[in-house]
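I opened this entry to look up one residue and its surroundings. After that I wanted the overall layout of the chain.

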Amino acid sequence: ALHIGVGSGPITVLQVGGMTPPLGAAARYEYVVAGPPLEQISIAEPLAVSGETVLSPQAWQHVCDTVVEGPRIDQRPEFHRLQALDTSVHTYLTIKIA
């Protein structure tokens with residue numbers, strides 16, 4: 001079942017590879033993503049149960065004025081469970097499409 005952890009901040013994306021292997025196989029590339037948001041996600045995602053979205057404190061500061069917070073997360077109270085979009089801020093069409 002789907003559950004989501006959200007982080008925020010700068011990331012670095014590295015492209016590794018590109019060498020052509022022997023026997024004429026196609027060149028292979030791998031991508032590595034690193035940075036503080038990945039650590040935040042690694043904490044937030046396990047805090048969310050099926051159907052929930054949990055945001056790191058850094059991500060929360062970007063959306064706190066436009067969403068409704070869900071029940072407190074006792075294990076990590078600095079993280080925030082997303083309940084819904086704040087209907088007093090968003091238009092009906094925005095909510096319907098989201």
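I started with Thr53. Thr53 counts as buried because its relative accessibility is 17%. My cut-offs: buried is under 20% relative accessible area, exposed is over 50%, and partly exposed is in between, with a 1.4 Å probe and protein chains only.

A note on the source. This is a predicted model, where local features need pLDDT of at least 70 and side-chain atom pairs count only at pLDDT 80 or more, while totals for chains, interfaces and linings use all residues. Residues are numbered from 1 along each chain as its sequence is written, and side-chain values use heavy atoms, with hydrogens and water left out.

Next I looked up what Thr53 touches. Setting aside neighbours within four places in sequence, I found contacts with Ile4, Val6, His80, Arg81 and Leu82. A contact here means heavy atoms within 4.5 Å.

Then I placed Thr53 in its strand. Thr53 belongs to strand E4, residues 53-55. Strands (E, at least two residues) and helices (H or I, at least four) are DSSP runs, numbered from the N terminus.

I followed the pairing from there. E4 pairs with strand E6 (residues 80-85) in the antiparallel sense, over two bridges. I count two strands as paired if DSSP finds at least two bridges between them. Leu55 stands opposite His80 in E6. E6 is also joined to strand E5 (residues 67-69), by three bridges, and the two run antiparallel. There, Val67 faces Leu85 of E6.

I turned to Ser8. Ser8 sits in the loop between strand E1 (4-6) and strand E2 (12-17). Not counting residues up to four places away in sequence, Ser8 touches Pro37, Gln40, Ser56, Gln58, Ala59 and His62. I also checked Ser8 against Arg28: they are 20 residues apart along the chain, and their C-alpha atoms are separated by 29 Å.

Last, the whole chain. I read the pattern β-β-β-α-β-α-β-β-α along the sequence. The radius of gyration is 19 Å, well over the 13 Å that the globule rule gives for 98 residues, so the chain is more spread out than a compact globule. That radius is taken over C-alpha atoms, and the rule is 2.2 Å times the number of residues to the power 0.38. The C-alpha atoms fill a box of roughly 60 × 35 × 30 Å along the principal axes. Buried residues make up 20% of the 98 residues. Of the contacts with a separation of 6 or more, 48% come from residues 24 or more positions apart.
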